[in-house]
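Welcome! Here is a short tour of a protein model, meant for someone seeing it for the first time. Have a look at it before reading on.

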Amino acid sequence: MDKIYNKEDITAVILAGGRGSRMGGTDKGLQNFKGTPMALHALMRVGSQVGYCMVNANRNLSAYESFGAEVWPDGNDEFAGPLSGFVVGLEHCETPYLLTVPCDTPYFPIDLASRMVQGLEAVDADIAMAIKAGHTQPVFCLIKHHMLESLLAFMKSGGRKIDAWTGGQNTVLVHFDEARDDPRAFANANTAQELMALEEPA
């Protein structure tokens with residue numbers, strides 16, 4: 001049985017700040033998944049798991065604000081990747097933990113937060129990263145708030161890859177390979193075709 005955790009200790013950030021290059025440059029978070037913008041779908045899916053939510057987006061900010069969560073753009077206009085969203089999340093996070101969730105992975109687990117907390121606290125790690133079928137999911141991380149300083153130093157040195165940063169930290173991998181886990185839990189939509197495929201029944 002999963003350990004009880006305090007949702008109020010966790011802030012989630014929906015990562016919707018990318019260029020959407022493989023989707024024709026469209027704003028991926030605003031593309032519909034079963035009639036709902038993907039970023040809003042992610043917000044609703046994670047909202048019951050955490051105490052607070054925010055969105056990291058770099059364009060169409062008013063559209064994202066209409067979802068009812070705070071919206072924060074990157075600190076620059078370089079579209080520096082998901083780690084910029086991690087920084088934004090940690091800078092505006094007022095809870096002990098930050099949970100990072102991409103906008104384009106509609107079937108992520110509905111018990112993601114609880115299992116990430118359980119995995120992190122079991123070994124007193126600073127970062128928990130999801131893994132399924134041997135494949136790490138770097139954009140699904142639970143991060144202790146005090147890791148902001150380490151992340152800023154990494155990015156200042158030119159670092160951009162999530163696993164290059166987490167690999168040098170006290171990181172634990174949390175497995176999502178139980179029978180109850182959706183095979184498509186971490187399937188994401190990088191293209192319009194992949195998005196259409198995810199809308200089809202498994």
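## A cluster of rings

Phe108, Phe140, Phe176 and Phe186 are linked into a cluster by ring pairs. Keep in mind that this model is predicted. The count of aromatic pairs comes to five, and two of them are set out here.

| Ring pair | Distance between centres | Angle between planes | Arrangement |
|---|---|---|---|
| Phe108 and Phe140 | 6.0 Å | 50 degrees | tilted |
| Phe140 and Phe186 | 4.9 Å | 70 degrees | edge-to-face |

Where do Phe108 and Phe140 lie in the chain? Phe108 belongs to the loop between strand S6 (97–102) and H4, while Phe140 is in strand S8 (residues 135–144), 32 residues apart. Phe108 is buried, with a relative accessible area of 0%, and Phe140 is buried too, at 1%. Phe186 sits in the loop between strand S9 (171–175) and helix H7 (192–199), so its pair with Phe140 in strand S8 ties together parts 46 residues apart in sequence. Phe186 is also buried.

Next comes Ser114, which is placed in helix H4 (residues 112–122). Ser114 is buried, with a relative accessible area of 10%, and its side chain reaches the backbone oxygen of Asp111 at 3.0 Å.

Helix H3 (82–92) and helix H5 (148–156) each give two or more residues to the lining, with H3 providing the largest share, four residues. By type, the lining divides into five nonpolar, three polar and four charged residues.

Technical notes:
Residues numbered from 1 in each chain as written. Predicted model: local features only at pLDDT ≥ 70, side-chain atom pairs only at ≥ 80, totals over all residues. Heavy atoms only, no water. Buried < 20%, exposed > 50% of the residue type's maximum accessible area, 1.4 Å probe, protein only. Polar contact = N/O pair within 3.5 Å; in protein donor to acceptor, adjacent residues only side chain to side chain. Nonpolar A, V, L, I, M, F, W, Y, C, P; charged D, E, K, R; others polar. Phe/Tyr/Trp six-rings, centres within 6.5 Å; stacked < 30°, edge-to-face > 60°.
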